[in-house]
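Please read them with the coordinates open beside you.

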Amino acid sequence: PDDTDVTEETWAGYVQANLETELFGLPAFGDFGVRVINTKITSLGVSRDLETSPGTDPDTIDITPVGPATVNTETNEFWNVLPSANLGLELNPDLLLRLAAYRAIARPDPEAMSAALSISDESDAQNVGQAISASGSPYLEPLKSWNADISLEWYAAETTAFSLAAYYKSLQTGFDTDV
């Protein structure tokens with residue numbers, strides 16, 4: 001019991017265009033693009049049947065895994081589209097303003113995508129639900145965020161630079177507990 005095998009397969013493509021132009025009478029440079037990712041997850045969870053018996057304390061049960069292993073296979077597939085844009089403005093030869101906006105993801109650990117069940121070895125559970133829990137879920141998808149950056153860079157000398165930067169992140173997340 002409690003064993004798992006998670007396979008994650010990703011295919012991704014990226015298209016980018018670079019630009020060099022004038023904007024508001026200032027030299028401007030940058031790029032914009034989009035990354036598209038297809039993810040397929042296959043999770044094999046290994047578990048066993050359970051046998052219950054009266055516990056040592058009143059109104060409790062002991063739960064014991066028995067019998068041959070059972071393999072549970074769960075699959076999930078999803079797409080992520082991640083646009084990005086970067087723009088730099090040369091305010092004067094030693095002063096740059098940079099702007100960026102992009103979509104980003106943070107993937108869950110493969111261990112969190114397990115289709116296995118975890119069976120507690122503790123005795124005297126009051127019900128089967130207390131002793132068994134899901135190790136993870138192959139239906140977890142990456143956390144998604146929209147991000148923006150702005151920075152002002154002053155190149156005071158050939159070997160000296162000062163910069164001030166700020167960023168914004170809007171994280172889209174949420175979890176539901178399901179028994």
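**Notes on the predicted model**

1. In this predicted model, a salt bridge joins Glu-153 to Arg-98, and their closest N and O atoms are 2.8 Å apart. The pair links distant parts of the chain, since Glu-153 belongs to strand β7 and Arg-98 to strand β4, and the two residues are 55 residues apart. Are the two partners buried or exposed? Glu-153 counts as buried, because its relative accessibility of 12% falls under the 20% limit, whereas Arg-98, with a relative accessible area of 31%, is partly exposed.

2. The side chain of Ser-151 makes a polar contact of 3.5 Å with the side chain of Glu-153, and Ser-151 is itself buried, with a relative accessible area of 13%. When residues up to four places away in sequence are set aside, Ser-151 touches Leu-96, Leu-97, Arg-98, Leu-164 and Ala-165.

3. How many salt bridges does the structure hold? There are two, and one of them is formed by the side chains of Glu-8 and Arg-107, with an N to O distance of 3.6 Å. Glu-8 lies in strand β1 (residues 3-23), while Arg-107 lies in the loop between β4 (95-106) and β5 (117-119), so this pair ties together parts of the chain that are 99 residues apart in sequence. Glu-8 counts as partly exposed at 33% relative accessibility, and Arg-107 is likewise partly exposed, with a relative accessible area of 32%.

4. On the surface, Leu-91, Leu-152 and Leu-164 form a nonpolar patch, and together they have about 270 Å² of accessible area. Leu-91 is located in strand β3, which runs over residues 61-92, and at 35% relative accessibility it counts as partly exposed.

5. Phe-24 is not a glycine, yet it has a positive phi of about 60 degrees. Most residues other than glycine have a negative phi. Phe-24 is found in the loop between β1 and β2, the latter spanning residues 26-54, and it is exposed, because its relative accessible area of 73% is over the 50% limit.

6. For the chain as a whole, the secondary structure amounts to one helix and eight strands, and along the sequence these elements follow the pattern β-β-β-β-β-α-β-β-β. The protein chain has 179 residues, of which 22% count as buried. It exposes about 12,000 Å², and carbon and sulfur atoms supply 54% of that area. Among contacts with a separation of 6 or more, 66% are between residues 24 or more positions apart.

Conventions:
Residues numbered from 1 in each chain as written. Predicted model: local features only at pLDDT ≥ 70, side-chain atom pairs only at ≥ 80, totals over all residues. Heavy atoms only, no water. Patch = residues over 30% accessible without salt bridge, like charges linked within 9 Å, V, L, I, M, F, W, Y side chains within 5 Å. Areas by Shrake-Rupley, 256 points an atom, 1.4 Å probe, with all protein chains shown as cover. Salt bridge = Lys/Arg side-chain N within 4 Å of Asp/Glu carboxyl O. Helix = DSSP H or I, 4+ residues; strand = E, 2+ residues; numbered from the N terminus. Buried < 20%, exposed > 50% of the residue type's maximum accessible area, 1.4 Å probe, protein only. Polar contact = N/O pair within 3.5 Å; in protein donor to acceptor, adjacent residues only side chain to side chain. Contact = heavy atoms within 4.5 Å.
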